[in-house]
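Subject: Structure handover and findings

Dear colleague,

Please find the structure below, followed by a short account of what was found in it.

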Amino acid sequence: MKSSFRELLQASFKSQDTEEWLDVHFTRPIGLVFALFWNKLNVHPNAITILSIFLGMGAGYMFYFTDLMHNIMGVLLLMFANFCDSTDGQMARLTGKKTLVGRVLDGFSGDVWFACIYIAISLRLMNENMPYTDVKWGIWIWLLNIVAGLVCHSPQSSLSDYYRQIHLFFLKGKSGSELDNYASQRGVYEQMKKEGNLLGRIFYYNYANYCKSQEHRTPKFQTFFKRWQEQPSEDVRQEFLVGSRPLMAYTNILTFNTRAIVIYITCLLNCPWVYPLFELSVMTCLYIYMHSRHESLCERLTGKLAQ
C-alpha cells in the first residue's frame, strides 16, 4: 500500500466521533501494524477474531489464580485479544472484507472473553472470605457475577453498539454504518428457512432477535427514525448528530477499555470482587444516563418533525 501509516490509520477508524482516546493513541496504531502484517499473509479478518477468542479465554484462565505472575499474564493475554479485535475491524475496513458474520463474530468474541473472566473470578473467590468478614463468598459471588454479566454488562454493550451504529448512520449514511433492523433480518431468516439452510437459519434467527432486543429498548428512537425516514430533514439530521456526539463517550466507556482497566487493577491487587460491584453501580448509572439522554433527544426531534 502506497499510503502513509498515518493515512492508513485514519482510514481504519470508524469515525472520529466514535473512537476512544485510548484506542486512537494506543490500540488502533498497534492494531494497524498487526493488520498490515496479517494482510501480507492473506489471513482473513475472521481468522484473527477466532484467535482473539482463544486469547481472551486464556486471559480468563489466568485471572483464576491469585499470584501476581498469572495475573500479569492475564493482563497481557487480554490486551493481545483486544489488539486482535481491533486488527480484524481495521483490516476489514481497509481491505473491504467486511461481512455480517464477521461483525457478529466480533461481538461474540467479547462475550466469550468476559464470560470466561466472570467464571474465573467466581471460582477464584468462592472459597475466599468476603471482605472484613469470616463468611465465605460461596454461591453469592456466582449470583453477583451473573447479575453483573447478564443483567448489566450484556445489555449495556449491546445498546452502546446500537447507539454507535445509529450515530454512524446519521453521520455517513447506510454505507458507513452497520445499522440493521429486526424486520429485514427476520426476512432473511424466512428466506433461509425456505431454502433449508440450517446454519443460515440459526445465525439469522439469533441476529434478528439481537436487533429486536435493541429496538425494544429504544421506543422513542424507533418513532423518531420512522418519522425521519418518511420526511428526511438535513437540519434535524445535523441536530441529531450534535445531540448524539457527546453520548459517544458513554458508549466507549460501556464497551471494553474501562471494564478491562478495572479488571486489570482489581485482579492485580487481589480484590476482583470490586469489579462486579463496579459493574452494578458505576456502569449501570452511566448506562441509565446515556439511555435517558438518547431517548429524550429522539423525543424532542420527533416533535420538531411533527411541527
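The face of helix α10 turned away from its buried side carries the exposed residues Asp235 and Val242. Here, exposed means over 50% relative accessible area, buried means under 20%, and partly exposed lies in between (1.4 Å probe, protein chains only). Helices are DSSP runs (H or I, at least four residues), numbered from the N terminus.

Please note that this is a predicted model, in which local features need pLDDT of at least 70 and side-chain atom pairs count only at pLDDT 80 or more, while totals for chains, interfaces and linings use all residues. Residues are numbered from 1 along each chain as its sequence is written, and side-chain values use heavy atoms, with hydrogens and water left out.

Helix α10 spans residues 234-244, and its buried residues are Val236, Arg237, Phe240, Leu241, Gly243 and Ser244. These residues lie on the same side of α10 because they cover an arc of only 165 degrees around the axis, the arc being that of the directions from the helix axis to the C-beta atoms. The buried residues of α10 pack against α6 (139-172), α9 (219-230), α11 (248-253) and α13 (274-306).

Leaving aside neighbours within four places in sequence, Gln185 is in contact (heavy atoms within 4.5 Å) with Leu100, Asp180, Tyr204, Tyr207, Ala208 and Cys211.

Leu76, found in α4, is partly exposed at 43% relative accessibility.

Finally, the count of disulfides (pairs of cysteine sulfur atoms within 2.5 Å) comes to zero. The sulfur of Cys152 is too far for a bond, because the closest cysteine sulfur, in Cys285, is 10 Å away. Cys152 is buried, at 8% relative accessible area. For Cys271, the closest cysteine sulfur is in Cys267, at 8.4 Å, again too far for a bond; Cys271 is also buried, at 17%.

Yours sincerely

Definitions and conventions
Helices (H or I, at least four residues) and strands (E, at least two) are DSSP runs, numbered from the N terminus.
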